[in-house]
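Here's a quick tour for anyone meeting this structure for the first time. Have a look at the model, then read on for the sheets, the helices beside them and the ligand.

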Amino acid sequence: MNAETTRKTVLEARGVVKRFGDTLALDGVDLSVAEGDVVAILGPSGSGKSTLVRCLHQLESIDGGAMYLDGELLGFEEHRGGLRPRSERQVEQQRRQMGMVFQQFNLFPHWSVLRNITEAPTKVHGVPAAKARARALELLEKVGLSDKADAHPRQLSGGQQQRVAIARAVAPNPRVLLFDEPTSALDPELVDEVLAVMKSLARAGMTMVVVTHEMDFAREVADRCVFMAEGRVVEEGPSAEFFASPRTDRLRSFLTRYSEGRQAVS
Amino acid sequence: MSTPALATHDVASARPRFRPWRLVGGAAIAIVMLQVVIFLVTNERLEWGVVASYLFNPNVLTGLWMTIFLTIVGMVIGSVLGTLIAAGQLSDFGPVRWICQLYVGVFRGIPPLVQLIFWFNLAYLVPRISIGVPFGPELYSWSSNDLISPLTAAIIGLSLHEAAYMAEIVRSGILAVDTGQKDAARAMGFSRLQTFMKVVLPQSMRVIIPPTGSQFIGLLKGTSLVSVIAMGDLLHSVQVIYNRTYQVVPLLLVAVIWYLVVVTLLTMGQRRIERYFGRGYDRAATAMPKTGQVRTMLTGAVALPEPAGETDATGRARRKGKGA
Ligand SMILES: Nc1ncnc2c1ncn2[C@@H]1O[C@H](COP(=O)(O)OP(=O)(O)OP(=O)(O)O)[C@@H](O)[C@H]1O
Ligand SMILES: [Mg+2]
């Protein structure tokens, strides 16, 4: 991992602030994601993890700080010596370079699995239909669902739906994939099939930001981990150090609580 | 542990239970229906012969077409305008939201009859209608009397009234769509318009169609109001005839028969459309041919003809842990 310093930064957040009315959901968050890295975001409920990834993907607007994708300012542009919001078209253009996987899958129930995957490439990225279809089938094979191309999402189990959702997000070849608790809505026995797909994506070199409560996944797959609490990044570092020798008390007690919880269950 | 039941029982040989109240209820219904039929057949004042002779009368048929035409035009304009207003009511731009809410408030509140008369008499209020620069020079103008015929007054009045109702129906349909759907569509880089047209609207259809069917039928009957501004609709055409022949009852029956025929056809169409937009929601309906629905209704069981998958109960997202 000594190449880390030379690798290109793909996604970056600097001092990002987000308010919902009086709640300060993000209170100056810094984050830097290098090309090919998997960054896990951990933290207690309400610490702003979802808000952070939603802001990164411009599903929410931010109130302070700045975010960059490949060095390009996200959501704003320079104008007469200051900044102004980008046009909707430009924002959409920027969003198309990222993909997102949601906790509740959010597949489109009125379309077949295949159409769920091909619609964005064909209608948004201008990929020819035949090519998009071939790629979709290839992706479905990778996530182990070749036989479900013509099924409707509601006919699939949660784990299958989430695997389709991942294929859908991957189809347009995004620069970064954002995951917001991709396994939290799944029955325990379905979690592994989704994590396996995510691991293979990570191995293939996909840059990923993953909000998760799966400590084993974070430890084994993530290159770096970020611990958030009350809208701030409390601690971050390479996964091995992060789990082996946490520097802050907050992270230490968070990790202890988790491992105890796991023992209590198993 | 309870004691094991005797192995000699077999419910397959069970006889149905005797239910006396069902017998009483069934008999009561039969008697009432019989009396209605006897009334319809034997009451000479209904003059079925006259009904038959006027049922396909050219003037009646012309009126029927006018009624259907007004219904369809009113519904098409009302739906398109209503959808735009619904989207406007949900806009994040204040002024657009307010004007759309104002529209619905006003046009839902005015009785359609009042509106029809108002539009018909527009010339009294606004003698000329002109296009031009606001507060500036006029480019072109028409006399309101030339522009507003009974037909245009009927179309404007019915459409604007319908739009207000459709706006509320579409709005509730849009709100019924999970916000995650919009998030997912935006996250994939769909534009606002694509998100609305491809993802939100088709899913809201499931909620929009049933009340829209009632609106359609309501509008069909509502067109009978236009007879007050001398529009030749179905009701007006039979009125013209019975004002001459005084055969009021049989001619009203002619109109009733045609209204019922069209309403029945509309209802059948509505069921088909509902089934179309329900696809992807009901596992059985998507996997089964049309006739399968009837089978499901009769047996009360849902058979899945697809190859046995390892899918669990519903496959629906189950929210775990902390809710939002
Ligand atoms: N749309 C919203 N409107 C108002 N407040 C919000 C909204 N979304 C999030 N918040 C608030 O922002 C804070 C951060 O929420 P967020 O959902 O980002 O937490 P989280 O870390 O993802 O938690 P969890 O682990 O439960 O998903 C919380 O206090 C939450 O109540
Ligand atoms: Mg969250």
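Two strands count as paired if DSSP finds at least two bridges between them. Keep in mind that this is a predicted model. With that in hand, chain A shows an open sheet of four strands, in the order β2-β1-β4-β5, and an open sheet of six, in the order β8-β9-β10-β3-β11-β12. There's also ligand 1, which lies between chains A and B.

**The four-stranded sheet**

- Pairing in this chain A sheet is antiparallel.
- At its edges you'll find β2 (23–34) and β5 (72–73) of chain A, each of which pairs on one side only.
- Helix α1 (residues 49–56) of chain A packs on this sheet and touches β1 (9–20), β2 and β4 of chain A. The direction of α1 makes about 60 degrees with that of β2(A).
- Strand β4 (residues 64–69) of chain A joins up with β5(A) through two bridges, in the antiparallel sense.

**The six-stranded sheet**

- Here the pairing is mixed.
- β8 (98–101) and β12 (232–238) of chain A stand at the edges with a single partner strand each, so one side of each has no neighbour in the sheet.
- Going from one strand to the next, the twist averages 15 degrees.
- Strand β3 (residues 38–42) and strand β10 (residues 207–211), both of chain A, run parallel and share four bridges. Across that pairing, A:I41 stands opposite A:V211 in β10(A).
- Helix α5 (residues 158–170) of chain A packs on the sheet, where it touches β8 and β9 (176–180) of chain A. Its direction is about 170 degrees from that of β8(A).
- Helix α6 (residues 188–203) of chain A lies across β3, β9 and β10 of chain A, at about 145 degrees to β10(A).

**Around ligand 1**

- Ligand 1 is surrounded by 13 residues, and the closest are A:S45, A:G46, A:K49, A:S50 and A:T51.
- By type, the shell divides into three nonpolar, seven polar and three charged residues.
- For A:S47, a backbone N or O atom lies 3.2 Å from a ligand oxygen.
- The protein covers 63% of the 630 Å² of accessible area that ligand 1 has on its own.

Conventions. Residues are numbered from 1 along each chain as its sequence is written. Chains are lettered from A and ligands numbered from 1 in the order in which they are written. This is a predicted model: local features need pLDDT of at least 70, side-chain atom pairs count only at pLDDT 80 or more; totals for chains, interfaces and linings use all residues. Side-chain values use heavy atoms; hydrogens and water are left out. Contact means heavy atoms within 4.5 Å. Axes are lines fitted to C-alpha atoms, for helices over the stretch in contact, and angles run from 0 to 180 degrees between N-to-C directions. A residue is near a molecule or strand if one of its heavy atoms lies within 4 Å of it. A polar contact is a pair of N or O atoms within 3.5 Å; within protein, one must be able to donate a hydrogen and the other to accept it, and residues adjacent in sequence count only if both atoms are side-chain atoms. Accessible areas come from the Shrake-Rupley method with a 1.4 Å probe; for residues, only the protein chains shown count as cover. Ala, Val, Leu, Ile, Met, Phe, Trp, Tyr, Cys and Pro count as nonpolar, Asp, Glu, Lys and Arg as charged, and the others, Gly among them, as polar.
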